[in-house]
Amino acid sequence: MFPSAQELNKHIITIQHSLDGFSYATYNIDNQQFTDLKLVSEPDISLKEAIAEIEIENNCDIKNFKKIIVVFNNNRNTFVPAAVFQNENKDKYLDILGLTNENSVSCTDFIKNADANNVFLISKEEHEILENLSENIEYHHAASVLVASLVDDNIERVNDTRIYLNIKSQKFEMTVIKGCNLLFDNTFCFKTKEDFLYFLLFSIDQLHLDAGATPVYFLGMIEEKSKLVELTSRYVRDIRFVRRDNEINLAPELEETPFYYHYVLYKSLKCEL
């Protein structure tokens, strides 16, 4: 249930914004529980429009939340090892990839547990909105949240390598973690399930992993009995789905939806960035 206007100062709101739409969740600080979550499929909606839609639907002023977390889910990012990262040259990392333009602003997340920086772009309009929205606001890239959370989940499995596939609309992010080490993170666009399988198996081969022994975890917007999972199971022996850990406390009505659907949204509040 979305908090009342009088209770907003006891809650945190997390908003995930992407080209496909946006999602948001509210978190009660007192009882440490996620109380509401909603996914809105509305292609090309701007961050400004998304915030306005949240306020209108829930008859609230988002500035009254105790804290606001915004997560940008786009493909305009790259990871740079901390040992070679230079903040004064952060624009150049994305410029080399042809991602920058005159309307973009470069931002950086430091993922401490992976000892890496994620450099990402947002628009000048989005940056202005964030700067003027509230003093109690923080913003990150979705890949930063994903990597930081997965490393934290695996930090005691020093010798274990795991593959994570975060499924989105006609694309997926593949992240490979070994203990507290980030081995690989990339996003692939695909049109058919055969395209998906090709990118997955090619990456496994290039990373010299064993498809018969390395577990593959699915998360994101995918059903456990989907055709993608069925096809993957023909070539990958150990397939699993990310499960909720004990740190995530959900209101009873939220438990009806698989946790892994909204892994990044939930973890954006819990991970250390």
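A residue counts as partly exposed when its relative accessible area falls between the buried limit (under 20%) and the exposed limit (over 50%). Keep that in mind as you click through this predicted model.

**Stop 1: Lys38 and Glu57.** Select Lys38 in strand E3 (residues 33-41). Its relative accessibility is 29%, so Lys38 is partly exposed.

Stop 2: Zoom in on Glu125, and you'll be looking at helix H3 (residues 124-133). How exposed is Glu125? It counts as partly exposed, at 44% relative accessibility.

**Stop 3: Lys193 and Glu194.** Pick this pair and you'll find a salt bridge whose closest N and O atoms are 3.3 Å apart. Lys193 has 32% relative accessibility, so it is partly exposed; Glu194, with 44%, is partly exposed as well.

**Stop 4: Glu224 and Arg243.** These side chains also meet in a salt bridge, 3.4 Å from N to O. Glu224 is in the loop between strand E12 and helix H6, and Arg243 is in the loop between strand E13 and helix H7, so the pair links parts 19 residues apart in sequence. Arg243 is exposed at 54%, while Glu224 is partly exposed at 40%.

**Last stop: a network.** Select Asp153, Asp245 and Lys267 to see a network of salt bridges linking them. Across the whole structure, a search finds 11 salt bridges.

Conventions: Residues numbered from 1 in each chain as written. Predicted model: local features only at pLDDT ≥ 70, side-chain atom pairs only at ≥ 80, totals over all residues. Heavy atoms only, no water. Helix = DSSP H or I, 4+ residues; strand = E, 2+ residues; numbered from the N terminus. Buried < 20%, exposed > 50% of the residue type's maximum accessible area, 1.4 Å probe, protein only. Salt bridge = Lys/Arg side-chain N within 4 Å of Asp/Glu carboxyl O.
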